[in-house]
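Please look over the structure below before reading on.

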Amino acid sequence: MFKIQTLNKISPKGLEIFPRDLYEVASEFTHPDAILVRSADMNQMEIPPSVLAIARAGAGVNNIPVERCTERGIVVFNTPGANANSVKELVIAGLLIASRKIIRAVEWVRSIADEGDRVSELVEKEKSRFTGPEIKGKKLGVIGLGSIGVMVANAAVALEMEVIGYDPYISVEAAWGLSSKVQRAETLEKLIREADYITLHVPLNDDTRGMLNYEKFRMMKRGVKILNFARGGLVNNRDILKAIEEGIVDRYVTDFPEADLLQCENVIPIPHLGASTPEAEENCAIMAVQQLRDFLERGNIRNSVNFPTCQLDISGDTRILIANRNIPDMVRQITGVLGSAHINISDMINKHKGNIAYNIIDVDGDIPSEATEQLSQIEGVIMVRVLRPKEFSPLDR
Ligand SMILES: NC(=O)C1=CN([C@@H]2O[C@H](COP(=O)(O)OP(=O)(O)OC[C@H]3O[C@@H](n4cnc5c(N)ncnc54)[C@H](O)[C@@H]3O)[C@@H](O)[C@H]2O)C=CC1
Ligand SMILES: O=C(O)CCC(=O)C(=O)O
């Protein structure tokens with residue numbers, strides 16, 4: 001039985017894909033084989049030695065100590081694109097609430113509930129206090145053109161905004177999906193100087209942390225509105241509060257509220273709702289569970305953030321999975337151990353990503369435990385696992 005530990009509530013539509021005769025799923029296990037997580041912060045967590053994989057039902061992996069996992073041969077998965085539409089829709093709402101003072105207006109109307117027959121009269125008298133501009137014809141700057149950024153950019157084009165995008169690492173697939181009406185910013189500074197609205201859709205990492213700081217706010221148009229549905233750490237809170245005070249930033253809509261932002265009226269805090277739709281929760285859970293099953297039962301890897309994509313149709317009786325440092329002479333040493341043990345390789349694949357390499361080796365017959373031990377002893381080998389895939393169910397079950 002595989003033991004799957006869940007650190008957050010995961011949609012039952014995903015969990016029901018685990019066959020009950022092969023998997024136990026619970027929030028507490030001493031020796032889990034894999035962990036399923038949404039936003040729970042695992043950075044300070046002691047990850048048990050039994051863990052083979054961590055699946056993030058979502059996009060951002062800054063809550064997972066990815067480097068530490070790689071060193072231990074733990075495969076970390078995410079679910080690219082599975083919640084992108086959900087975030088896109090909330091960003092569109094963010095654009096509108098940043099413009100039209102909708103939230104303040106609603107709060108004000110609630111505050112006059114005791115005015116009885118005067119409510120309609122007061123509404124007409126006071127509504128001009130809540131006038132706000134249309135978004136049509138304004139310029140939206142989209143920083144990061146991945147799954148979410150492309151959808152946001154295209155939706156804004158459909159709403160007749162001018163759109164400028166910045167992503168020096170844009171993938172070919174994302175570029176194909178982007179409306180030809182989206183202008184390309186060669187530099188972040190160009191986007192920042194021109195945009196009336198700026199929306200962030202990049203991962204949080206050492207390169208992007210604090211990417212919107214006072215130096216950048218000083219370059220922006222007066223009255224710019226900032227939307228952050230990516231991660232709190234991308235914006236320097238102290239600097240944006242200063243920029244609001246100085247009238248540079250008119251509104252900051254953030255899905256990542258922190259205490260220091262909450263006293264400021266021009267900050268619109270949302271409690272991390274970007275991916276909180278039943279559709280996104282199901283999509284992410286289903287994708288995460290399918291990827292985990294394919295890995296645990298077959299050793300195949302897709303959508304990993306730290307391991308290469310590596311998949312092989314089953315051809316032998318036994319499947320050996322090996323993660324090793326991406327250094328010379330590893331394949332010779334690995335196949336040498338199997339050759340010395342008179343084990344015939346029926347098929348194999350070796351792929352690498354950065355410093356890590358991953359091998360799927362199908363062999364005829366069984367592999368003696370001494371040979372497995374010898375494989376583990378090769379310098380540079382990080383993880384060895386042996387599977388008998390025919391014992392498992394078809395993955396579409
Ligand atoms: N509010 C919420 O609930 C959610 C938030 N997110 C956040 O949004 C982020 C983006 O999500 P996806 O679009 O699905 O990811 P993605 O991986 O498809 O796109 C990220 C894009 O950012 C680009 N990028 C990376 N570094 C950059 C830089 N320095 N400057 C400009 N572009 C850069 C990449 O080239 C890529 O195209 C996630 O990492 C996550 O932090 C994602 C889903 C839900
Ligand atoms: O699971 C969630 O609600 C958060 C989603 C998210 O932030 C992400 O996918 O990066």
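Predicted model: local features only at pLDDT ≥ 70, side-chain atom pairs only at ≥ 80, totals over all residues.

**Confidence**
- The mean pLDDT of the protein is 97, and 99% of its residues reach 70 or more, pLDDT being the predictor's confidence in each residue, from 0 to 100.
- The scores of the model are ipTM 0.99 and pTM 0.96.

**Helix α12**
- Helix α12 spans residues 330-340; helices (H or I, at least four residues) and strands (E, at least two) are DSSP runs numbered from the N terminus.
- M330, I334 and V337 are the buried residues of α12, and they lie on the same side of the helix because they cover an arc of only 60° around its axis, the arc being that of the directions from the helix axis to the C-beta atoms.
- An α-helix has 3.6 residues a turn, so residues three or four places apart point the same way.
- The partners against which the buried residues of α12 pack are β13 (318-325), β15 (356-363) and α13 (369-377).
- After α12 comes H342, with a positive phi near 55°.

**Residue I334**
- I334 counts as buried because it has 24 C-beta neighbours inside 10 Å.
- Leaving aside neighbours within four places in sequence, I334 is in contact with I322, N359, L375 and I378, contact meaning that the two C-beta atoms, placed from the backbone, lie within 7 Å.
- Between the C-alpha atoms of I334 and S99, which are 235 residues apart along the chain, the separation is 61 Å.

**Annotated span**
- An unreviewed UniProt entry carries the annotation "domain: ACT" for residues 319-389; such annotations may be inferred rather than shown by experiment, feature names are shortened, and positions are given in the numbering used here.
- Residues 319-389 are 28% helix and 44% strand, and their end C-alpha atoms lie 7 Å apart.

**Helix α10**
- In α10 (residues 237-245), the buried residues include N237, I240, A243 and I244, which share one side of the helix because they cover an arc of only 125° around the axis.
- On the other side of α10, R238 and E245 are exposed.
- The buried residues of α10 pack against α9 (214-217), β10 (224-228) and β11 (249-254).

**Ligands**
- Around ligand 1 there are 32 residues, of which G60, G144, G146, Y169 and G274 come nearest, a residue being near a molecule or strand if its C-beta atom, placed from the backbone, lies within 6 Å of it.
- Two or more residues of this shell come from each of α3 (84-100) and α6 (147-158), and α6 gives the most, with three residues.
- Ligand 2 is surrounded by R38, S39, G58, A59, G60, N83, G274, A275 and S276.

Terms used:
Residues numbered from 1 in each chain as written. Chains lettered and ligands numbered in written order. Buried ≥ 20, exposed ≤ 12 C-beta atoms within 10 Å, placed from the backbone.
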